[in-house]
Amino acid sequence: MTSVPKRALRWLAVAATAVTLVTSAGVTSAQAADNPYERGPAPTLSALQASRGPYAVSQTSVSSLSVTGFGGGEIYYPTTTSDGTFGAIAISPGFTAYWSSISWLGPRLASHGFVVIGIETNTTGDQPASRGRQLLAALDYLTQRSSVRGRVDATRLAVGGHSMGGGGSLEAASDRPSLQAAVPLAPWNTDKSWSELRVPTLIIGGENDSIASVTSHSIPFYNSIPASAEKAYLELNNASHFFPQSTNTPTAVQSVAWLKRFVDNDTRYDQFICPGPSSTSISDYRSTCPIA
């Protein structure tokens, strides 16, 4: 009988251990290393639809007197410090509105493992280009000067907003292509072509929006973004322009999934993007489907 060298025996023992780890944990360390920004438990639709995600959330106010480039606001962040740093998103309210009009988004997104800064704009009449610059100023403040800067990964940032704030998030994504994601909600902008965008963008529109009609805003915006950038369009059945101003579950589900996929590079969320949602609350959904 041929003897097996000790080195080979050691290799077989290591291999057997690796197989055991894969069987029990469902992922190898090499696979985990491919997704270093993965945060939180494996996602389910019911977990995304719940009013809060797996993380407890803390909140701190930002005075307009302590910042430049935007009007202050509120920061929401996971309370834990045991999961390393988190990706972040800056969100702008719409024309004539304050952060309070869409503030439900702050703790909702933060509870899924993001740092969120909901901004007040310099004036409530600021146009999209100005709001875009303010969103970027807020991200710079968040990552460089804020009290929670140590919790934020400055390489994984996103923008979002409602109405003119949504148009502003397109402006910000155009101006800073290093962003990881953009989530415009019922976006309004006089610029209808965004062929220069390279940032993965999820646009959510309301079917019955009479202010930023999806036929003249959201859909042309979506169509103009190159498929290579990754994009999705969600249209809410019978929704008006003001759907983000109250808790909206389809908006929350798709926003979290999009941010998780592109800010956290978490492919566990592909299932919610492609083929995407289908229910009576959705009148249209389109997506390029993420490229792994």
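What share of the 292 residues in the protein do buried residues make up?

A: Happy to walk you through it. This is a predicted model, and buried residues make up 51% of the 292 residues in the protein. The chain forms nine helices and nine strands. Among contacts between residues at least 6 apart in sequence, 69% join residues at least 24 apart.

Before zooming in, a word on confidence. The average pLDDT of the protein is 91, and 88% of the residues score at least 70. Among the elements, strand 6 (residues 181-185) has the highest mean pLDDT, at 99, while helix 1 (residues 6-25) has the lowest, at 38. Over residues 1-32 the pLDDT is below 50, and this stretch has seven contacts in the model beyond near neighbours in sequence. Where pLDDT is low, the predicted coordinates should not be read in detail.

Rolling a probe the size of a water molecule over the atoms shows where empty space is left. In this structure there is one cavity of 30 Å³ or more, and the largest cavity holds about 70 Å³ of space. Its lining is made up of Ile89, Ile91, Leu105, Leu109, Gly160, Gly161, Val183, Leu185, Ser255 and Leu259. Several elements come together here: strand 3 (86-92), helix 4 (105-110), strand 5 (152-162), strand 6 and helix 8 (249-262) each supply at least two residues of the lining.

Let us follow helix 8 for a moment. Helix 8 has 14 residues and spans 20 Å from its first C-alpha to its last, close to the 20 Å expected at 1.5 Å a residue. Of these 14 residues, 12 are buried, so helix 8 is largely enclosed by the rest of the structure. Among the buried residues of helix 8 are Ser255 and Leu259, two residues that also line the largest cavity. Lys260 and Arg261 are also included among the buried residues of helix 8.

Helix 5 (residues 128-144) is another covered helix, with 13 of its 17 residues buried. From first C-alpha to last, helix 5 reaches 24 Å, close to the 24 Å expected at 1.5 Å a residue.

Most residues other than glycine have a negative phi, and most peptide bonds are trans. In the loop between strand 3 and helix 4 you will find Thr96, whose phi is positive, near 65 degrees, in a residue other than glycine. Ser163 lies in the loop between strand 5 and helix 6 (164-175). Ser163 is not a glycine either, yet has a positive phi of about 60 degrees. With a relative accessible area of 7%, Ser163 is buried.

Asp191 is partly exposed, with a relative accessible area of 32%.

His217 sits in the loop between strand 7 (201-206) and helix 7 (218-224). His217 is buried, and its relative accessible area is 7%. Leaving aside neighbours within four places in sequence, His217 is in contact with Pro187, Trp188, Asn189, Lys192, Ile211 and Ala212.

Last, have a look at the cysteine pair. The structure holds one disulfide, formed by Cys274 and Cys289 with their sulfur atoms 1.9 Å apart. The link of Cys274 and Cys289 is right-handed, with 65 degrees about the S-S bond. Cys274 lies in the loop between helix 9 (270-273) and strand 9 (282-287), and Cys289 in the segment after strand 9, so the pair ties together parts that are 15 residues apart in sequence. Cys274 is partly exposed, with a relative accessible area of 31%, and Cys289 is partly exposed at 27%. Beside this link there is one more detail to find: the peptide bond from Cys274 to Pro275 is cis, with omega near 10 degrees. Pro275 is placed in the loop between helix 9 and strand 9.

Methods: Residues numbered from 1 in each chain as written. Predicted model: local features only at pLDDT ≥ 70, side-chain atom pairs only at ≥ 80, totals over all residues. Heavy atoms only, no water. Helix = DSSP H or I, 4+ residues; strand = E, 2+ residues; numbered from the N terminus. Expected span 1.5 Å × (residues − 1). Buried < 20%, exposed > 50% of the residue type's maximum accessible area, 1.4 Å probe, protein only. Contact = heavy atoms within 4.5 Å. pLDDT = per-residue confidence, 0-100. Disulfide = S-S within 2.5 Å. 1 Å grid on protein atoms, 1.4 Å probe; cavity = no way out; pocket = protein on both sides within 12 Å on 5 of 7 lines; lining within 4 Å. Points joined across faces, edges and corners; volume = space filled by probe spheres on them.
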